[in-house]
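Please look at the sequence and the structure before reading on.

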Amino acid sequence: MSNYVELHCHTNYSMLDGASHPEELLDRALELRMDRLAVTDHDGLYGAVRFYRGALERGIKPIIGAELTLDGGFHLVLLVENDQGYSNLSRLISHAQLSHSKGEASLSWSALARHKEGLICLSGCSRGELASHLLARRPDQALRAAQRCLHLFGHGHFFVELQNHLLEHDRRLVASLVDLAEHLGVQYVATNDVHYARREGHRLHDVLTCIANHTTLDEAGSLLRANSEYYLKSQ
């Protein structure tokens, strides 16, 4: 079995941002000899039951989670640890959806603090608060954001998330995130922010991005991801 477990993965239930069905991702995980896989769709659990059933059919342990949008626009990944965590994640998503207009779900820190039990927190992708501040060369703000997450979730339930999609800034960002984690004495995990099961899925993802932004492939420009590295990779 693979020693790597993907903990940040989007299905087609991340509306217009995921290009693979849960079953496609699970079949790819089998191909890579992964015995478990997480699904973390945007601001919802729409595909959780389908993913859960498909995983059990394939002998894969399903890890349920979501990538939530916080007030201020930052992203944060929450993974379910137990039944209480699933209940709390459901409550958080409902709060984020019902307190804002359709398509603009956003979660307050106060709501997160009320429903944190049973959840594991990852610091998120380049749109996470830690990474965003570090990319903007605001290390003090990144440190404060990390301290807030650590204070809220505690050691063992908060992890700094590292991603490398071979972008120009990735090497510097990963090094800065590792330094930050070690400064605080917290662990870090590697993820790939998966949006399609296999590399060739990036073409469909580009089309979905164009639909979401009401534009064409010829005119999308920087709206499209810079490369095709956002697939379910091997260890």
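Predicted model: local features only at pLDDT ≥ 70, side-chain atom pairs only at ≥ 80, totals over all residues.

Q: How many salt bridges does a search of the whole structure find?
A: Side chains of opposite charge can pair when their charged atoms come close. A salt bridge is defined as a side-chain nitrogen of Lys or Arg within 4 Å of a carboxyl oxygen of Asp or Glu. The search of the whole structure finds nine salt bridges. One of them links Arg28 and Glu31, with N to O at 2.5 Å.

Q: Why are Arg28 and Glu31 separated by about one helical turn?
A: They are separated by about one turn because they stand three residues apart in helix H1. Helices (H or I, at least four residues) and strands (E, at least two) are DSSP runs, numbered from the N terminus.

Q: Is Arg28 buried or exposed?
A: Buried means under 20% relative accessible area, exposed means over 50%, and partly exposed lies in between (1.4 Å probe, protein chains only). Arg28 has a relative accessible area of 11% and is buried, whereas Glu31, at 47%, counts as partly exposed.

Q: Which residue forms a salt bridge with Lys233?
A: Glu229 does, and the closest N and O atoms are 2.6 Å apart. Both Lys233 and Glu229 are buried. Elsewhere, salt bridges that share partners join Asp27, Glu57 and Arg58 into one network. A further salt bridge joins the side chains of Asp35 and Arg36 (3.3 Å, N to O). Asp35 is partly exposed at 26% relative accessible area, and Arg36 is partly exposed at 30%.

Q: How many disulfides are counted?
A: A disulfide is a covalent bond between the sulfur atoms of two cysteines. The rule applied is a pair of cysteine sulfur atoms within 2.5 Å. By this rule the count is zero. Cys9 is in no disulfide, and its nearest cysteine sulfur, that of Cys125, is 14 Å away. Cys125 is in no disulfide either, with the sulfur of Cys121 being the nearest at 12 Å. Cys9 is buried at 0% relative accessibility, and Cys125 is buried at 7%.

Q: How many cavities of 30 Å³ or more does the structure hold?
A: Rolling a probe the size of a water molecule over the atoms shows where empty space is left. On a 1 Å grid over the protein atoms alone, a cavity is a set of points where a 1.4 Å probe fits but cannot get out; a pocket is an open set with protein on both sides within 12 Å along at least five of seven lines; and lining residues have an atom within 4 Å of a point. Grid points are joined across faces, edges and corners, and a volume is the space filled by probe spheres set on the points. The structure holds two such cavities. The largest cavity has a volume of about 50 Å³, and its lining includes Val39, Tyr46 and Ile64. Strand S1 (36-42) and strand S2 (61-69) each supply at least two residues of that lining.

Q: Which residues are closest to the centre of the largest pocket?
A: The largest pocket holds about 1,100 Å³ of space. Of its 42 lining residues, the closest to the centre are Met15, Asp17, His42, His75 and Arg127.

Q: Which residues form the nonpolar patch on the surface?
A: Patches are made of residues with over 30% relative accessible area and no salt bridge: like charges are joined within 9 Å, and nonpolar side chains (Val, Leu, Ile, Met, Phe, Trp, Tyr) within 5 Å. Accessible areas come from the Shrake-Rupley method with a 1.4 Å probe, and for residues only the protein chains shown count as cover. Here Met15, Leu16, Tyr46, Leu204, Val207, Ile211 and Leu217 form the patch, with about 660 Å² of accessible area together. Helix H8 (residues 202-212) gives the largest share, three residues.

Q: Where is Asp43 found?
A: Most residues other than glycine have a negative phi. Asp43 has a positive phi near 50 degrees, and its place is in the loop between S1 and helix H2 (48-57). Leu166, also not a glycine, has a positive phi of about 65 degrees and is found in the loop between S5 and H7. Asp43 is buried at 12% relative accessibility, whereas Leu166 is exposed at 60%.

Note on methods:
Residues numbered from 1 in each chain as written. Heavy atoms only, no water.
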